[in-house]
Amino acid sequence: MGPARSLASAVAAVVVVLGLAAASVAAAEGNVVLHVHHRFRGRRQMLGAMRSHDARRHGRLLSAVDLPLGGKGTPTDTGLYFAKIGIGTPSKDYYVQVDTGSDILWINCIGCDQCPKKSNLGVELTLYNPNGSSTAERITCDQEFCTSTYNAAFPGCKPDVLCPYNLTYGDGSSTAGYFVEDNVILHQVTGNLQASSMNSSVIFGCAAKQSGGLGTSSEALDGIIGFGQANSSMLSQLASSGKVKKVFAHCLDNTNGGGIFAIGEVVQPKVKTTPLVPNQAHYNVVMKAVEVGGHVMELPTDIFGFGGENEAIIDSGTTLAYLPGDIYNPLIKEIMAQQPGLDLHTVEEQFSCFKFVGSVDNGFPVVKFHFDGSLALTVYPHDYLFRYHDDTWCIGFMSAEMQSKDGKDITLLGDLVFSNKLVLYDLENQTIGWADYNCSSRIMVKDEKSGATYTVGAHNLGSNSELVSPSIAAVLLLLAAVLCNFML
């Protein structure tokens with residue numbers, strides 16, 4: 001990645017609010033309204049759907065490492081989170097999956113071959129038409145964005161040849177097209193619980209052809225918006241133009257189903273951080289140890305490699321948490337040791353479940369993952385255990401043998417373990433961190449231009465609710481039925 005430009009003229013943080021409403025909503029003056037929705041409503045009863053979603057995502061995660069653009073995004077499903085954004089002049093609304101790892105924004109375009117025409121998610125799909133926007137410009141192969149994206153001059157390039165993109169995912173699905181530059185409408189924070197529209201020119205993919213699940217899914221969306229580290233991501237483009245700092249955060253509320261997704265510097269709450277592993281396509285961190293019920297697990301000496309470490313991918317777009325067998329098996333053994341009378345049985349041919357009456361927080365141990373820099377991730381029983389039905393509970397930790405290109409075991413941590421935590425991605429300092437937090441409350445973001453700090457809040461509303469005036473004590477930042485999934 002190139003160095004970040006000076007932020008002396010940068011504007012306030014951009015905020016995305018997460019919610020579970022089932023229909024589109026109206027915005028009252030002064031509120032933040034990048035509408036974000038959650039697809040897995042009542043997800044604790046949808047374990048099979050979650051595992052299926054994650055399985056497809058894992059195939060893409062492992063194959064994405066070698067893709068030219070580092071592109072991620074769930075290839076055959078909408079993922080956990082999707083947002084409504086405005087693109088073009090005049091602006092039209094598009095529903096896109098929010099993915100914390102993808103490196104580009106792409107939208108299905110007019111004339112697209114095999115692009116979905118309808119969705120069962122309750123949203124109206126719209127094909128983007130560059131000819132219908134007065135601010136749209138097609139990117140040609142000789143332009144800097146194209147050559148920098150491919151790290152070389154494009155073979156056979158002529159001035160009138162469009163800059164192509166082509167992403168192939170782990171299950172064989174693919175999206176292909178060309179790059180376009182147009183206005184994207186965001187909502188910058190301008191005061192406590194207040195925001196105003198901000199137009200920013202962004203280069204994104206115009207999908208001309210889809211294959212596999214991307215073209216046939218009944219739960220389709222208009223595209224994917226990536227928050228990855230590459231220079232081609234929307235976040236990197238906004239940062240290079242001085243619009244925002246290259247920092248974002250999310251807070252997912254699995255109790256009330258809402259939360260906050262913010263671009264910009266978060267000043268409150270403070271979080272402890274750990275370094276990102278350099279030169280990785282995803283958000284990788286070094287994991288040092290696993291603790292159960294107050295004591296560190298005794299694991300094989302080679303499980304964390306020669307340096308006593310194992311890499312973990314932080315990905316809010318994945319639902320569950322996936323561990324190498326050498327970690328998973330002793331972990332489950334220690335968790336269940338506190339309830340020796342329980343019998344584990346398999347549900348849906350993949351989930352370890354048991355009957356239990358009472359408070360799981362009182363009956364099972366807290367699990368902690370320890371990372372480089374003395375950062376710990378605390379996972380409570382109510383986080384890693386799912387109520388399947390009645391008194392049947394299932395374990396959200398899953399066994400999966402995944403490895404990096406150099407043969408290291410990889411742990412994949414999804415929103416199962418990051419719910420009710422503020423997760424901060426600081427790409428300028430190449431760190432990531434988190435803190436336990438009430439995701440239905442508020443955070444503070446900094447306006448880089450003035451130095452002022454502003455309150456950003458979130459609330460989960462019903463499908464018929466509307467945003468109200470910010471003069472009300474708790475501004476309700478709205479959406480409709482969500483992020484990526486990334487979000488990690």
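Modeller: Let's begin with a definition: a disulfide is a pair of cysteine sulfur atoms within 2.5 Å. Please keep in mind that this is a predicted model, where local features need pLDDT of at least 70, side-chain atom pairs count only at pLDDT 80 or more, and totals for chains, interfaces and linings use all residues. Residues are numbered from 1 along each chain as its sequence is written, and side-chain values use heavy atoms, with hydrogens and water left out.

Biologist: Happy with that. How many disulfides does a search of the whole structure find?

Modeller: Searching the whole structure turns up six disulfides. Counting the bonded cysteines along the chain, their pattern reads 1-8, 2-3, 4-6, 5-7, 9-12, 10-11.

Biologist: Let's take one of them. How far apart are the sulfur atoms of C141 and C157?

Modeller: In the disulfide of C141 and C157, the sulfur atoms are 1.9 Å apart. There are 95 degrees about the S-S bond, and this link is right-handed.

Biologist: And which parts does that pair tie together?

Modeller: For that you need the elements: helices (H or I, at least four residues) and strands (E, at least two) are DSSP runs, numbered from the N terminus. C141 sits in the loop between strand 6 (137-138) and helix 2 (144-149), while C157 is in the loop between helix 2 and strand 7 (164-168), so the pair ties together parts that are 16 residues apart in sequence.

Biologist: How do I read burial here, and is C141 buried or exposed?

Modeller: Buried means under 20% relative accessible area, exposed means over 50%, and partly exposed lies in between (1.4 Å probe, protein chains only). C141 has a relative accessible area of 1%, so C141 is buried.

Biologist: Where in the chain are C353 and C394?

Modeller: C353 and C394 form a disulfide with sulfur atoms 1.9 Å apart. This pair links distant parts of the chain, with C353 in strand 20 (residues 351-355) and C394 in strand 24 (residues 392-395), 41 residues apart. The link of C353 and C394 is right-handed, with 95 degrees about the S-S bond. C353 is buried at a relative accessible area of 0%, and C394 is buried at 1%.

Biologist: One more, please: what is the handedness of the link of C112 and C115?

Modeller: That link of C112 and C115 is right-handed, with 70 degrees about the S-S bond. The sulfur atoms of C112 and C115 are 1.8 Å apart. C112 is buried, with a relative accessible area of 12%, and C115 is buried, with 5%.
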